[in-house]
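Please look over this model with me before you plan around it. My comments are below the display.

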Amino acid sequence: MAEANQTEVFVYEQVVILTSCVLSFFGSLLIISTYVSWLDLRTTPRKLLVYLSVSDLLSALSYFYGVCQIFKSDSWDCIAQGAVSTFANTSSFFWTVAIAIYLYVFIVKSSQRQADNLVLYFHLISWGVPFAITVAALSLHKIGYDASEVSVGWCWVNIQAEDHVLWMLLTGKIWEFIAYVTLPVLYILIKIHIYRAHAALSEYRPILTTNPVSHSLSSIADRKLTLIPIIFIMLRVWSTVRFVLLLTSSPAGHNPVLVTLHGIGNTFQGAANCIMFVLFTPSIRSRLIALLLCRGQDRRWNSESASQNRTNDYTVSHRENNSEE
């Protein structure tokens, strides 16, 4: 494909997508920081979320560099950025599905031990498979400049390669399609199981249905289980649409709105996870607010203390001067 067919990335698109990258970076960092800071949060599901956040953080960094550069050729940094984003993006798919599988085994199969035994396999697959795919793509010179046909300024699969569609599938799209199917199915099964469990319990313990705290926590968990696959699909579908348009050689793939949505969707995953699992989690949100308030009070106290000290110093100095006179 000739360079003349490159999708133009406008400045406003760059600004929006770079902002999305920054939000995703700090969102992923916040998830990791809360896990490290508070011991009681170190559960296996949240640990898996931390691994996902590492992938999303790497994705945000690599995409940020790519969008800043808007590559025009197969330069060394184009290939390096494409390799990092390929590994991180594919790893993110695997960890997202891994979390769903863990919750399914833990909740539906009611086996924490069996779920915990899967973690080692999650590591082998979620890091190993993306690494192997990325190394293979690099060795065969498949990663490079793609004229922003299925990207937004960053590099991915070399658009000049005759089998570029195959490598686009292997380095991301096929795993994306699998996630589209797997995530809704697993979370629907989990929701059905929880609904049946609540129905059975409420039959024998009606107090559970009237307990406001229990009902509130159940509603929050239910909303999250609904939102996880919906948000994932809403973020990723624009990339899929542009991939399909590339296959059909449709000029609609160059539409600025679609390009912008694709850029946001690929880069906002870390921020979306932070919103769901940090800001929308009452126990963590209250701690963060308390932490910010405490720091604000400390700053105010330090400022007042410094001001008082200056006043005292002035008073002492003034008295000394008067006594000398």
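The numbered points that follow go from confidence and fold to spaces and single residues.

1. **Ground rules.** This is a predicted model, in which local features need pLDDT of at least 70 and side-chain atom pairs count only at pLDDT 80 or more, while totals for chains, interfaces and linings use all residues. Residues are numbered from 1 along each chain as its sequence is written, and side-chain values use heavy atoms, with hydrogens and water left out.

2. **Confidence.** pLDDT is the predictor's confidence in each residue, from 0 to 100. The protein chain has a mean pLDDT of 84. Of its residues, 82% reach 70 or more. Helix α5 (residues 119-139) has the highest mean among the elements, at 96. Helix α7 (residues 207-210) has the lowest, at 45.

3. Over residues 205-218, pLDDT stays under 50. The model gives this stretch four contacts (heavy atoms within 4.5 Å) beyond four places in sequence. Where pLDDT is low, the predicted coordinates should not be read in detail.

4. **Fold.** The protein chain has 11 helices and two strands. These are DSSP runs numbered from the N terminus: H or I over at least four residues for helices, E over at least two for strands. The order along the sequence is α-α-α-α-α-β-β-α-α-α-α-α-α. Take the contacts between residues at least 6 apart in sequence: 75% join residues at least 24 apart. Of the 325 residues, 42% are buried. Buried means under 20% relative accessible area, exposed over 50%, and partly exposed in between, with a 1.4 Å probe and protein chains only.

5. **Largest pocket.** Its volume is about 930 Å³. A pocket here is an open set of points on a 1 Å grid over the protein atoms alone, with protein on both sides within 12 Å along at least five of seven lines; a cavity is a set where a 1.4 Å probe fits but cannot get out; lining residues have an atom within 4 Å of a point. Points are joined across faces, edges and corners, and a volume is the space filled by probe spheres set on them. The pocket's lining has 34 residues. Pro45, Arg46, Leu103, Lys224 and Phe277 lie nearest the centre.

6. **Who lines the pocket.** Which helix gives the most to this lining? Helix α8 does, with eight residues. The helices supplying at least two residues each include α2 (44-69), α3 (76-108) and α6 (164-204). By class, the pocket lining has 23 nonpolar, eight polar and three charged residues. Nonpolar covers Ala, Val, Leu, Ile, Met, Phe, Trp, Tyr, Cys and Pro; charged covers Asp, Glu, Lys and Arg; the others, Gly among them, are polar.

7. **Largest cavity.** The structure holds three cavities of 30 Å³ or more. The largest has a volume of about 120 Å³. It is lined by 16 residues, with Tyr63, Asn89, Trp156, Lys173 and Asn266 nearest its centre. Helices α3, α6, α8 and α9 each supply at least two lining residues. The cavity lining has five nonpolar, eight polar and three charged residues.

8. **Asn266.** This residue sits in helix α9 (residues 256-267). Beyond four places in sequence, the contacts of Asn266 include Asn89, Trp154 and Arg236.

9. **Thr267.** Thr267 also lies in helix α9. Is it buried or exposed? It is buried, at 2% relative accessibility. Among the residues it touches beyond four places in sequence are Ile17, Cys21 and Tyr63. Thr267 and Phe64 are 203 residues apart in sequence, yet 8.5 Å apart in space, C-alpha to C-alpha.

10. **Two positive phi values.** Most residues other than glycine have a negative phi. Ser110 has a phi near 55 degrees. It lies in the loop between α3 and α4 (112-117) and is exposed, at 57% relative accessibility. Ala147 has a phi of about 60 degrees. Its place is the loop between β1 (143-144) and β2 (156-157). Ala147 is buried, at 1% relative accessibility.
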